[in-house]
Amino acid sequence: MRILVIEDEKHIASFIKQGLKEEGYAVDVAYDGEKGYFLAGTESYDLIVLDIMIPKIDGVTVCKYLRNDKVNTPILFLTAKDEIDDKVTGLDAGAEGYLTKPFSFDEFLARIRAMLRSKGILVSTRIQVADLVMDLLTHKVTRSGQEITLTEREFLLLEYLMRRDGQVVSRDNISEHVWDIQVDATSNMIDVHIHELRNKIERGFKKDLIATVRGRGYMIKS
């Protein structure tokens with residue numbers, strides 16, 4: 001899943017980005033409201049984390065602009081303010097959630113999971129395709145009970161494919177959701193990772209799971 005963080009305090013943005021990436025999310029960061037508004041309106045995200053007190057365009061205004069543009073991505077406001085009026089203003093602008101700084105990262109993750117669930121986005125701790133099983137809590141992957149060791153990026157790529165069992169995903173889709181926006185989908189990086197992933201989850205097993213759909217992308221199928 002892909003999250004946009006709009007936060008001008010770079011140490012906070014870095015902390016949030018690192019923590020989310022360790023949880024398996026792909027994360028983009030904008031340090032002001034102008035850049036955040038542009039990214040949120042032109043890229044595809046599952047959730048936006050938006051600080052209220054940011055330069056160029058404040059967070060509440062960014063939220064209003066996005067809702068006026070019919071961008072319905074869930075928004076979680078972050079702010080140092082804790083007055084009731086500020087919370088009401090943020091929620092009235094169209095945000096789904098509000099978290100006051102300082103906050104615990106566990107609470108932050110819980111809010112994100114709850115917001116994704118409320119939008120019908122599956123947040124599960126275990127995914128299975130055929131005899132391939134992924135545990136999102138332990139980061140353990142097994143096939144027919146045999147443990148498979150993956151790199152962090154291979155794990156994220158496999159998770160993205162497994163969540164879309166039976167669906168064709170394009171290289172652009174993979175680039176957007178598994179890598180940051182700076183990664184060029186026309187490079188061979190995705191092909192290399194798909195090749196390595198196939199070697200690890202298919203070699204020694206009778207059935208191949210990942211198929212190349214010529215001209216369209218890739219698909220994992222039970």
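# Legends to the close-up views

**View A. Strand 10 and strand 11 form a hairpin with 3 residues between them.** Within the turn, Gly215 has a positive phi of about 80 degrees. The model is a predicted one, in which local features need pLDDT of at least 70 and side-chain atom pairs count only at pLDDT 80 or more, while totals for chains, interfaces and linings use all residues. Residues are numbered from 1 along each chain as its sequence is written, and side-chain values use heavy atoms, with hydrogens and water left out. Helices (H or I, at least four residues) and strands (E, at least two) are DSSP runs, numbered from the N terminus. Strand 10 (residues 210-213) and strand 11 (residues 217-220) run antiparallel and are joined by 4 bridges; two strands pair if DSSP finds at least two bridges between them. Ile210 has Ile220 as its bridge partner in strand 11, and Ala211 has Met219.

View B. Strand 4 (residues 75-79) runs parallel to strand 5 and is joined to it by 4 bridges. Opposite Leu76 stands Gly97 in strand 5.

View C. Contact means heavy atoms within 4.5 Å.

**View D. Phe15, Phe103, Phe105 and Phe108 form one aromatic cluster.** Rings of Phe, Tyr and Trp (its six-membered ring) pair if their centres lie within 6.5 Å; planes under 30 degrees apart count as stacked, over 60 as edge-to-face and the rest as tilted. This rule gives a count of 4 aromatic pairs. One of them joins Phe15 and Phe105, which are edge-to-face at 5.4 Å centre to centre, with 70 degrees between the planes. Phe15 belongs to helix 1 (residues 10-22) and Phe105 to helix 5, 90 residues apart, and the pair thus links distant parts of the chain. Phe105 counts as buried because its relative accessibility is 17%; buried means under 20% relative accessible area, exposed over 50%, and partly exposed in between (1.4 Å probe, protein chains only).

**View E. In helix 2 (residues 33-42), Gly33, Gly36, Leu39 and Ala40 are buried.** Seen down the axis of helix 2, its buried residues fall within an arc of 130 degrees, so they line one face of the helix. The arc is that of the directions from the helix axis to the C-beta atoms. An α-helix has 3.6 residues a turn, so residues three or four places apart point the same way. The buried residues of helix 2 pack against strand 1, strand 2, strand 3 and helix 3.

**View F. Ile54 is found in the loop between strand 3 and helix 3.** Ile54 is buried because its relative accessibility is 9%. Leaving out residues up to four places away in sequence, Ile54 touches Ile6, Glu7, Asp8, Asp32, Gly33 and Gly59.

**View G. Thr73 is found in the loop between helix 3 (59-68) and strand 4.** With a relative accessible area of 12%, Thr73 is buried. Apart from neighbours within four places in sequence, Thr73 is in contact with Tyr45, Asp46, Leu47, Ile48, Arg67 and Glu96.

**View H. A second sheet, also open, has 4 strands in the order 6-7-8-9.** The pairing here is antiparallel. Strand 6 (126-129) and strand 9 (146-148) are the edge strands, and each pairs on one side only. The twist from one strand to the next averages 25 degrees. Strand 8 (residues 140-143) and strand 9 run antiparallel and are joined by 3 bridges; Thr142 has Glu147 in strand 9 as its bridge partner. Helix 6 (residues 152-162) lies across strand 6, strand 7 (132-135) and strand 8, and runs at about 115 degrees to strand 7.

Technical notes
Axes fitted to C-alpha atoms, helices over the stretch in contact; angles between N-to-C directions.
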